[in-house]
Structures are given as C-alpha cells and as structure tokens.
Amino acid sequence: MNKLIFNEMLKIIRKRKLIVVVAIMVVLISLFTYAQFREVQRQIEKLGDVDWRTTLQQQIVDTQNRLTSSGISDEWKAQLQIRVQQQQYYLDNNINPAEPGAPTFVRSFAQESITLFVPLLIMIIAADIVSSERSAGTVKLLLTRPVKRWKILLSKYIALLLSISIIVVLMGVLAYLISGVVFGFGGWNAPVLTGFTSIGGELNTSNVQLIDQWQYILMEFGLVWFVAIVVGTLSFMLSVLLKSTSASMGVMLAALIAGLILSNLVSSWQSAKYLFMINLDLTGYIAGSSPPVPGMTLLFSIGVLSIWAVGALLISFSVFVRQDVY
Amino acid sequence: MKKTYVSIISFLSIGAFLVMLFGFLWTIQNQLVKKETTVREQTQVVEEPEKRNEGKIIVALGDSLTRGTGDEEGKGYIGYLIEELEEKTDEKLTLHNYGVKGYRSEQLLSQVKGETIQNQIKNADVILMTIGGNDLFQGGQTLVSPDKEAIALIKEQYLNNLKETMDIIKSTNQDAIIYLVGLYNPFIDLDDAAMTTKVVRDWNYSTNQLLDQYSNSVFVPTFDLFQLKVNDYLFSDKFHPNSKGYRLIAERAASLITW
C-alpha cells in the first residue's frame, strides 16, 4: 500500500502540478500584497495618520453611511450591521483588528480564499487524478496488476489528501514570506477576537474570547484544509464518473461559482443550506460574519460538508470497483 | 534523486496533514466548548496620539450635509471648503469626516461620547458640524402636518442633545473653534412657506442662542443662501443641496475660518 501511495505521489509531482500550483500562489499572493500595500499608503495619505483607531472609526462611519442608502439588499445590510457592531466592539475594547504585519495578511488571505481560490487550486490536482489515466490509457496497466481495485483508488485518494495538505500549508507559508517582506514578519501574538455570533441581525458578544493571532490562523487554516478536502473529494468523484477531465473541472467550477452567487441570494430559500457550495465559507463563522442562510452554524456546515464528502467517496469507490474498463 | 525528492515531499505532506488536522479539531473544540472566561481585561494604557505641530486638523461631524449627499461630485460642503482653504493657506490640512447620513442630534451625541472620536476632537483645530435637519424635518413629515406642540418638543430634545454635545466637545478641547452650520428651508417655494420659514428661523435662532454660551463657537447661517431660487441649489430630492448649494455653504464657512 505504501508503495502504491508513493507511486501516486510520484505521478502528481512528475506532472509538475505542485509546481504549477505554487507558481499560481506566488503570483497571486504578490499581487494581493501589492494591492494591500497601496491601500495602506492611501489611508495614510488620506487621513494623515497611521493610528489604527482613526482608520477604524472612519471605517465605521463609512459603513454606517452605506447602511443608510436605500439601494442595498437586506442580506448585505445585515452583514454590514454585524460588521459595524463588531468593529465598534474592537474599538471599545481597544484591540486592533488588523495589527500591521504578515500574520494579519495571512489571516485575511485565508478568509478571502476559502470559497474560491483554494478550491480552484485543489481542482488542478484532483480533477484529472483518475480521468487522466483513462484518457492516457494507463489505467489498463494499473488494473492488470495483482492489486485490488479499491486499493488502487484508495492510494490515489490518500495521495490527493497529502497533496491538499501540503498545498494549504504552502499557501500559508508563501503568504507569510511574501507579505512579510512588505509588512514585516512580526505580529503572531497580536490579540484577535473570535466567538461572535449573530442572532437576528444583532451581534451577540457573550461568547467572545480573546486569542493570540497564531492560534486564530491555525484554526483558520484547519478550516481551509477541511474545505479543500471536501472540494477535493467531490472533484475526485467527478474524475471517476466522467471520462473527460475538462468536463469534471467544468462541473466543479460551475458549482463553486453558483455557490458564490447563491450565497448572496438564498437567505429566503431555506433548503439551500443543504447545498455544499453554500457551506464553504467556514472561516466566516469564526470571524463572526452573518451566515448566508439564517440559523446556519459552524457545526451544521461541517456536518453538511462531511455528508457530501462521504457520499462522494462511497459513489467513487462503488463505481470504480464495478466499472468496465476498455 | 527523483525518488528522494518525492519521499521528502511525501513526508512533508504527512506532517502538513497532521498539523492541519490538529488545527481543524482544535477549531471545533474551541468553538463548541463554551468558555467561562471571556475577553480578558486589556491592561495596556491607550497611548495618546501625539499632537503634531505641522498642519491644521479639521474634524467634521454631523449628518448628510457633512457627508455630501446630493452632491454630484460627492464632495459635500466639506470637500469644497477644504479646496477653498487650501487656496487660502499654505498649511497642510488634514480632514477627518465623521458625518453619517441621516444622523439626528441624539446619534451625534452618542458618537461624540466615543473615545476615538474624542481623541480626534482633542487634536482638532477646527470642528465643523451640521446637525438638526433630520430632527426637524424627519424626511419632510414634520412640516407637512405641522403641529406646534410636536415641534416644540422636538426642538427641546434637540437643544438638550446639542448642549450635551457641545459640553463634551468643549471639555475635550477648549481651543478648537466650532462652526455649526445652520438650517435652510428647503420647502421655501411651497405653499405654506410662511409657516415653514418661521419654524426654521426659530430653530436657527435657538441654536444660535445656545452657541452664544460657548466661547470660540460660530453659527454659520445658510438660510439666506437658499432663500431665493431655492430650486437652483437643491438636489433632485428637493431636500439636500446640489453641488452649487454645497459650494455656497462652503464659501461662507471658509470665509469665517481663521487661525
């Protein structure tokens, strides 16, 4: 079994997929770092001040102004209201929500990338993991070995899990190193608040706890990793079911983008919360933003995602074991 | 060579897997187990932002006029005022605009009670305010169905709030000069102009009277600016000024500002 897994890892590395993923990450993280840098410069220029309290107060005022405009949707309004109350809470407790430094960048980067960026990177690895063997014809060589079919598929799945893990960790490391050059490497112990919950558009601060930033980042990446695995497992299933790699990528991409669009619309469509793509924004729960459908919680989302992943695994294995290969 | 490379990556991946798994389980444990302790007391003292010597600091407080609602260029009277002042002086001007659309006097009061705003006020050289319009007009309701007693009540509350606001500002910063922009009558070309004009005039008079109790505070009248051809200076909502209207207010306020 170890040898099989090793063999699968070899294939992933041979195809230079990890390199491609790393290259994409380096380019995009550099872009985001630069954009963030410009934003900071603009703030300093505009407010003539680097005191974070000034900036935060200004943000609160800006958000309050956006709240009063009549053109915005109720979902967005609720989201903004929660944000204002949260910012006010930070201000009242004299805690800087964005201590300058690379760790803060890493934190917000993970938060932004969980719904689309990470799933896309994972798809690069996962979408063709089985279907490419079929299109290249190598699947026959693989299946004629005296090894049970499910073992072959399992070795592929484990290799996928390992690649996903290293991609997520690499993302954190790269984000830290690249942004650190600009923002400085310190700030791991900056205080961060977590445990905000929103009930009916009101912010509930009774469970709020203060933790160090490194703890928060570790938790966040744990969630990013979980989402990556769920998305990876679903792509894996599509890769078993569909013969063409581009088809499985297309299906997955459509689902992810539909999820992004739906998240802004579904608050009145209750049963949408059982769709996996609505549940991807797990970091939102620990940051305390209001969920797409009222009543959703972290545990609920993890549960829904787990069910989808387990279902996908069952389908993958039962199909692959029985499939005719020609 | 290739083999060791793959082995290294595989082992790193296993390490990464375990770390991430730990992070994930920890999150679940952390978020689900309710903790007794909440936010621990922040002991560090709020470091006073140092008062800088170069340049002048302008703090703008108040409602939609401060925000610039209705201005096609989005600047509001504050934006034009800064432009005017920059022509007049070589000083470096720093603006903090805390205006929020729709603010009434009690909301402004609770805003200035905030520590951060007070820190800004402390450093300010000039404080500009627009407030009261939403108290009085309430989106046009008050003057459509006027009721003398209701208006008197609103005015009393407004004056109390304004007094408290001024007290807070003055106790935070004695030296800053406060400019309070008065109300104009956006309904002056409607049928019952005589009545609305009287209400607005009384309102401005009482506001001015209140300001007289404080040193270094100036009432900036705008009633006359909008008295003739009011529609030329109003935005399409017939309530907020348009660019021209904002420019008029800015010019007047700018001519009053000295340091």
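Which side chain does A:Lys156 meet in a salt bridge? The partner is A:Glu133, with 2.7 Å from N to O. Keep in mind as you look that this is a predicted model.

Let's stay with that pair for a moment. A:Lys156 sits in helix 9 of chain A and A:Glu133 in helix 7 of chain A, 23 residues apart, so the pair links distant parts of the chain. A:Lys156 counts as buried because its relative accessible area is 2%, under the 20% cut-off. A:Glu133 is buried too, with a relative accessible area of 6%.

A:Glu133 has another partner to look at. A:Lys11 also forms a salt bridge with A:Glu133, and here the closest N and O atoms are 2.5 Å apart. This link spans 122 residues, running from helix 1 (residues 2–14) of chain A to helix 7 (residues 131–136) of chain A. A:Lys11 is partly exposed, at a relative accessible area of 23%.

For a pair in the other chain, turn to B:Lys75 and B:Glu73, whose side chains meet in a salt bridge at 3.2 Å, N to O. Both ends are partly exposed: B:Lys75 has a relative accessible area of 31%, and B:Glu73 has 44%. Back in chain A, salt bridges that share partners tie A:Glu8, A:Lys11, A:Glu133 and A:Lys156 into one network. Over all chains, a search of the whole structure turns up 15 salt bridges. As a general point, side chains of opposite charge can pair when their charged atoms come close.

Helix 9 of chain A has something else to show, namely A:Ser179. Is A:Ser179 buried or exposed? It is buried, with a relative accessible area of 0%. The side chain of A:Ser179 reaches the backbone oxygen of A:Ala175 at 2.6 Å. Leaving aside residues up to four places away in sequence, A:Ser179 touches A:Thr33, A:Ala102, A:Phe105 and A:Gly184.

Now for some of the other helices of chain A. Helix 4 (residues 74–92) has 19 residues, and its first and last C-alpha atoms are 27 Å apart, close to the 27 Å expected at 1.5 Å a residue. Its buried residues are A:Leu80, A:Ile82, A:Val84, A:Gln86, A:Gln87, A:Tyr89, A:Tyr90 and A:Leu91. Just after helix 4 of chain A comes A:Asn94, which takes a positive phi of about 60°.

Helix 13 of chain A covers residues 298–322, and its 25 residues should span 36 Å at 1.5 Å a residue. The end C-alpha atoms of helix 13 are 37 Å apart, which agrees. Buried in helix 13 of chain A are A:Leu298, A:Ser301, A:Ile302, A:Val304, A:Leu305, A:Ala309, A:Ala312, A:Ser316, A:Phe317 and A:Phe320.

What covers the buried residues of helix 13 of chain A? Part of the cover comes from chain A itself, including helix 8 (138–143), helix 9 (149–183), helix 10 (213–241) and helix 12 (283–287). The cover also includes helix 1 (2–32) of chain B, which brings us to the other chain.

Chain B has 10 helices and 5 strands. Of its 259 residues, 51% count as buried. Among contacts in chain B between residues at least 6 apart in sequence, 77% join residues at least 24 apart. Chain B is divided into domain 1 (1–36) and domain 2 (56–256). Taken over C-alpha atoms, the centres of these two domains of chain B are 58 Å apart.

Finally, look at where the chains meet. Chain A puts 54 residues into the contact and chain B puts in 49. About 4500 Å² of area is buried between chain A and chain B, and carbon and sulfur atoms give 66% of that area. How many salt bridges does the rule find across the interface of chain A and chain B? It finds 1. B:Arg67 forms a salt bridge with A:Asp62, with 3.5 Å between the closest N and O atoms. Across the interface of chain A and chain B there are also 6 residue pairs in polar contact, both residues at pLDDT 80 or more. On the side of chain A that touches chain B, helix 3 (residues 52–68) of chain A gives the most, with 9 residues.

Methods. Residues are numbered from 1 along each chain as its sequence is written. Chains are lettered from A and ligands numbered from 1 in the order in which they are written. This is a predicted model: local features need pLDDT of at least 70, side-chain atom pairs count only at pLDDT 80 or more; totals for chains, interfaces and linings use all residues. Side-chain values use heavy atoms; hydrogens and water are left out. Domain bounds come from an automatic or database domain assignment. Helices (H or I, at least four residues) and strands (E, at least two) are DSSP runs, numbered from the N terminus. The expected span of a helix is 1.5 Å times one less than its number of residues. Buried means under 20% relative accessible area, exposed over 50%, partly exposed in between (1.4 Å probe, protein chains only). Contact means heavy atoms within 4.5 Å. Buried area is the accessible area (1.4 Å probe) that two parts lose on being put together, summed over both. A salt bridge is a side-chain nitrogen of Lys or Arg within 4 Å of a carboxyl oxygen of Asp or Glu. A polar contact is a pair of N or O atoms within 3.5 Å; within protein, one must be able to donate a hydrogen and the other to accept it, and residues adjacent in sequence count only if both atoms are side-chain atoms.
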